[in-house]
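Reader: Hi! Could you walk me through this one?
Author: Happy to, here it comes.

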Amino acid sequence: MPRILAAAFSLLILLACALPVNAQGLEIPITRGTEAAIPIAIVPFAWEAAAMQDETTIDQVVRADLNRTGQFRSPPREQITELPARGAEIRYPFWKANKQDYVLIGRVQSTDTGFRVEFELHSVIQNRVMLSEAIAVLPGDFRRASHEIADRVYEKILNVRGAFSTRIAYVTATRLGGPGKYEYSIRVADWDGFNPIRVVSHSEPFLSPTWSPDGKSLAYVSFERESGPAIFMHDLATTSRRLVTSFKGINGAPVFSADGRTLALTLSRSGNPEIYRLDLASNNLTQLTRHFSIDTEAAWGPGGNSILFTSDRAGKPQIYSMPAGGGTPERVTSVGEYNSRVNVSYDGKLLAMVHGNRNVYRIAVLDRQRGGAGTVRMISPGPMDESPSFAPNASMILYAAREGNRGVLYAAPADGSVRYRLAIPDGDIREPSWGPFKAR
Amino acid sequence: MNTPIRVLVLALAIGGLAACKKEVVKPMDSTDAPPRDDTAQVTPADDSGAYTTGSLDMVPCLVSRVVYFDLDQSSVKSEAMEMVRCHGKYLSQFPGARVALEGHADERGSREYNLGLGERRANAVRDLLLANGGRSEQINVVSYGEERPICTESDDSCWSQNRRAEIRYTAKQ
C-alpha cells in the first residue's frame, strides 16, 4: 500500500511540475547554525476526497514554511518513504531510527462545501500525539490552510505563535514604454509572496508602506502630488484613503504605534527632517526632535515607550533612541560607519537595520538580550540590501535586495542561517513591510 | 559617450523640456556647445548685461540646470557655482520666474534617509540662489531621494550622476 501511494504521489509531483509557474522562489541554505534546527518529518497528506487533488500540496507548503525559519530541518519530500495517514499507522521506532523528533501526518476529505483537512503532530521522543485537529478548506484555499497548519505546528513545538498566515506589503516598479516611464504599485501578498493583490498604482513613486496594528490599513508615502511627497492612509477592505500629511518638504517614514492611534513620521516643514508624532483622531502634531541634522525613519520601541530613529547628527547616519514623548536622544549603534532604517522585534530584544561599509550595504541584527551595547550579526550578503522588517513573532526578517537591475525580496531568520527569495513574479520590488498577526 | 557630454545632453534635454512650448533647442547646440567647465566664461546675452527669457535656452550657464555633488556631500562644488549664480541673477531679473529645485541621491543606503540627503542638496542650491538675487517665493524644493535615478547601474560613475539637484523652471518670467 505505501508503495502504491508513493507511486501516486510521484505522479502528482510530476503533474504539479507541469503546471505553469509564474513566480520563482529560491531557497538558499547556509550550513551555519542549522545543526540546532529541530528535525521534523512532514508526510504527504493522504488525498481521500472525491474531487481531483488541488494543485497545492499541503506538506510542501508546511515544510517550506518551517524550514525557512531556520528553526526546523524537515527532510525533502523525496526522502519520505513511509506514508502513514493516521496515528495508528505511525511506527515511532522507524522515525526515531531516521533521527526525526516529530512527525506531521494528515488527510484530506470531502465535505458539502469543500474539504476537511485532518492533521496530527506526533512526538517521536515521547511516542505520543501532541496535536490532532481539523480545518475546513474551500476549493482553491489550500495555501491558506497549509499556512494555518504550519502555524499550529510552530506554536505547539516552540510555544511561540506562528506567523505563516500573516501578509506582507511592498512596492513594485514596472517599466512602461518610453524612457523613465514607470508604473509604481503597492501590493499585499501572503508572507511567502504568493497571492499578490494590487492596492494602489501611480506613475509617481511610493515609499514606506507600513501596516496598522489591526492589519486593516496601510500608511504610505506617495509622490503623486505636484507639491511633493505626502502621507496617505489606505483602508484595504473599502479601498478608501485619507490624506494624512502634505506639509511643505518631506512627509515620510510613517509608522503606527501599537495601539494604532498615533503615527510617528518625518516632516521637514521646519527646514530639515525631524521626527514628529501625529495623533490620528485629533490631528494633533508633536515635534520630537530638534536638530539641524537629518532625523528620520522612526521605529517604536517595545511597549511604545521609546522611539528609535536614524540621525546623522554625528556626521554619518546612526541609530538613536529617545523617549516616545521626546527628550535627549541616546546613540544605540556603535559598530560601523553607516546604520539606518531600524526595525524592532516585538519584544525589543533584536534590532534589524541597514549596515553600510564602503559600498556594501547589508542587513545587520543587533542583539541586546545580553545587555550592554549588544552583539551585531550580518544576516544578508549585500551589496544593496535595505528595508528590514521583522515578522510579528520575530522568526524572520524580510528585506529588499538588488539582483542585476531589479529589486527582489528575501526572508531570513535573525540568525542568518537560511535565506529565502520570495516567489514574486518579475518586476522591480522594494520597501517590504511585514504585517501583523490576525486577531484571534 | 563621455561624462561631460552626457551631462550637457542631459542639461539640454531638461532645458529643452522647460522650453518645449516656445522653442525647439537647435540640434547644433547639443554637439557644438562647450563643455560644462567653460560655462564660467560666458557673458549675458546682450550689451546691457541683462538676460532675456530667451537666455534660458541660449546662455550656456542658464542652459545648465543640474548641480552634481560628491558622496555624502551637500555643498555646491566650485565648478557649479557660476551656473547657480547665473540662475540667481535670472530669478532676480524676472520676479515672476519660478523654479522647482529637485534634490536626488544615489541608491546606496536607505530610501527615507536618502530623501533627507536629496533635500539637503536642493537646499544648498536654494541658499545659493537666494544669495544671488533669487527670492524664496520663487523657489520650491522637492526631494526625490533615490527614486528618480538618471542611471541605474550600481557603480561609481552612475552614482555620481544620480547625486544631483535639478533646477526646473515652472515659470520663465
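Reader: Which domains does chain A have?
Author: Chain A of this predicted model is assigned domain 1 (2-158) and domain 2 (167-434), with bounds that come from an automatic or database domain assignment. Residues are numbered from 1 along each chain as its sequence is written, with chains lettered from A and ligands numbered from 1 in the order in which they are written. As the model is predicted, local features need pLDDT of at least 70 and side-chain atom pairs count only at pLDDT 80 or more, while totals for chains, interfaces and linings use all residues.

Reader: What separates the centres of the two?
Author: The centres of domain 1 and domain 2 of chain A, taken over C-alpha atoms, are 34 Å apart.

Reader: Nice. What about the largest nonpolar core?
Author: The largest nonpolar core has 110 residues, and Leu104(A) and Ile397(A) have the most contacts inside it. Such a core is a set of buried Ala, Val, Leu, Ile, Met, Phe, Trp, Tyr and Cys residues joined through C-beta atoms within 7 Å. Buried means that 20 or more other C-beta atoms lie within 10 Å of a residue's own, with C-beta atoms placed from the backbone; 12 or fewer is exposed, and in between is partly exposed.

Reader: Where does the largest share of this core come from?
Author: From H4(A), which gives 7 residues. Helices (H or I, at least four residues) and strands (E, at least two) are DSSP runs, numbered from the N terminus. This core also draws at least three residues from each of domain 1 (2-158) and domain 2 (167-434) of chain A.

Reader: And which residues is Leu104(A) in contact with?
Author: Leaving aside neighbours within four places in sequence, Leu104(A) touches Ile40(A), Ile42(A), Val43(A), Val62(A), Phe119(A), Leu121(A) and Val153(A). Contact here means C-beta atoms, placed from the backbone, within 7 Å.

Reader: Back to H4(A): what covers its buried residues?
Author: The cover includes strand E2 (38-42), helix H2 (58-68) and strand E5 (102-110) of chain A. Among the buried residues of H4(A) are Phe142(A), Ile149(A), Val153(A) and Ile157(A).

Reader: How far apart are the helix's end C-alpha atoms?
Author: They are 24 Å apart, which agrees with the 24 Å that the 17 residues of H4 (residues 142-158) of chain A should span at 1.5 Å a residue. The expected span is 1.5 Å times one less than the number of residues. Just after H4(A), Asn159(A) takes a positive phi of about 60 degrees.

Reader: Switching over, what's in chain B?
Author: Chain B has 7 helices and 4 strands, in the order α-α-α-α-β-α-β-α-β-α-β from the N terminus. Of its 173 residues, 46% are buried.

Reader: How many residues of chain A are in contact with chain B?
Author: 29 residues of chain A are in contact with 17 residues of chain B. On the chain A side, E23(A) gives the most, with 3 residues.

Definitions and conventions. Two residues are in contact if their C-beta atoms, placed from the backbone, lie within 7 Å.
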